Amino acid sequence: MSTSNIYILGIESSCDDTSAAVIHNGKVLSNIVANQEVHAKYGGVVPELASRAHQQNIVPVVQQAIAQAGITKEDLSGIAFTRGPGLMGSLLVGTSFAKSLALGLNIPLLDINHMQAHILAHFIEEENSKIPPFPFICLTISGGHTQLIKIIDHFNMEILGETIDDAVGEAFDKSAKILGLPYPGGPLIDKYAQQGNPKAFTFTQPKVGDLEFSFSGLKTQILYFVQKNVKADPDFIEKNLVDICASIQHTIIEILVKKLKNAVKETGIKHIAIAGGVSANSEIRKRLLLAEKHWGWTTYIPKFQYTTDNAAMIAITGYLKYLKQNYADFSISAKARLKVTES
Ligand code: KG4
Ligand code: ZN
């Protein structure tokens, strides 16, 4: 296949979404995501159930991605898969599948760091896509991570600051759980918050370093706040749900925006991106748009479908690695813990 006609299949199976995507020269041809409903009733992801569901989903999801791209597997130039971080049992499904397929087709295998991929989703080429120039700052906000990262080059990143305890996605999900909402609660808090008053209740912000985050104290505050009020009025949550959600979301977004301002001040970099599942949040998206107007930043907000876990981000990262001929050895194994700075 000529180098001007590169098709990369991306496979993502790090947590509870099985996803496959095909990228042609940086453009997405297909991006199939199979969500695993099975976890909702347990209030969180059950690793053993997740890996079983990946086993069931992976073949149909990959077949659908290839079919929807209008190609056959013989057209593929390389296979990119999530090596980590994530749940080991889940990662192993994607890793083994990717290895076998690449071996069978005799094409390069590309190992992808999931957290780098969230960031590099900004390099997907689409109509009206705004691609950030180097260096830029990315606030990576997901279910497992909260980091401020300086992106010097595609595969050269520096962590400026991160959470010392919970990730921001966990703060959303755990708060939602306290309110009796199902997992994952982040999108529900976002939905209810849109009808509520963000100033109805106040929660204090954590006192940590300028570029550090902490969310475990906020979670405890919310727990005590809810327990105290429910004791006085058993219908407190029901009566105030939208205002509670709006107030929690407001507190979290205020923290994120404050940290971004600190990062801009410390680095002088005004190109600001967000990435990861929480970047789907409507309020953070609004606030970043306003930052362009008010503070002269240029902000990069991923398309909604590339915020939560998806294989298009794995495929674009695979494409960028393929261009550098940075292929994986077939002896490579999945890695549950992998820093964003490790390739
Ligand atoms: O990146 P992601 O799909 O998976 C990880 O790599 O962790 O992120 C999932 C996280 C969950 O905590 C989920 O509640 C949160 O992203 N999330 C949101 C929204 N959509 C997803 N949080 C707030 N508002 C949303 N709209
Ligand atoms: Zn993720």
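User: What does buried mean here, and what makes H118 count as buried?

Analyst: Buried means under 20% relative accessible area, exposed means over 50%, and partly exposed lies in between, with a 1.4 Å probe and protein chains only. H118 has 2% relative accessibility, so H118 counts as buried. D309, at 16% relative accessibility, therefore counts as buried by the rule of under 20% too. This is a predicted model, in which local features need pLDDT of at least 70 and side-chain atom pairs count only at pLDDT 80 or more, while totals for chains, interfaces and linings use all residues. Residues are numbered from 1 along each chain as its sequence is written, chains are lettered from A and ligands numbered from 1 in the order in which they are written, and side-chain values use heavy atoms, with hydrogens and water left out.

User: Which residues coordinate the zinc ion (ligand 2), and what makes them donors?

Analyst: Donors are N, O and S atoms within 2.8 Å of the metal (3.2 Å for Na, K and Ca), and sites may look incomplete because water is not among the atoms. H114 (NE2), H118 (NE2) and D309 (OD) coordinate the zinc ion (ligand 2) at 2.0 to 2.1 Å, so these atoms meet the limit of 2.8 Å. Along the sequence, the donor residues follow the spacing H-x3-H-x190-D. H118 lies in helix α3 (residues 114–120) and D309 in the loop between β10 (298–300) and α9 (312–323), so the pair ties together parts that are 191 residues apart in sequence. Helices (H or I, at least four residues) and strands (E, at least two) are DSSP runs, numbered from the N terminus.

User: Why is a group of residues called a nonpolar core?

Analyst: The name is used because the set consists of buried Ala, Val, Leu, Ile, Met, Phe, Trp, Tyr and Cys residues joined through side-chain atoms within 4.5 Å. The largest such core has 44 residues, and L179, F215, I252 and L256 have the most contacts inside it. Helix α7 gives this core its largest share, 15 residues. A second, separate core of 34 residues includes A117, Y306, I314 and Y322.

User: How do you know how much area is buried between domain 1 and domain 2?

Analyst: Buried area is the accessible area (1.4 Å probe) that two parts lose on being put together, summed over both. Between domain 1 (7–124 + 306–323) and domain 2 (136–302), with bounds from an automatic or database domain assignment, this area is about 1,700 Å², of which carbon and sulfur atoms give 78%. I119, H122 and T307 supply 36% of the area that domain 1 buries against domain 2, more than any other three residues.
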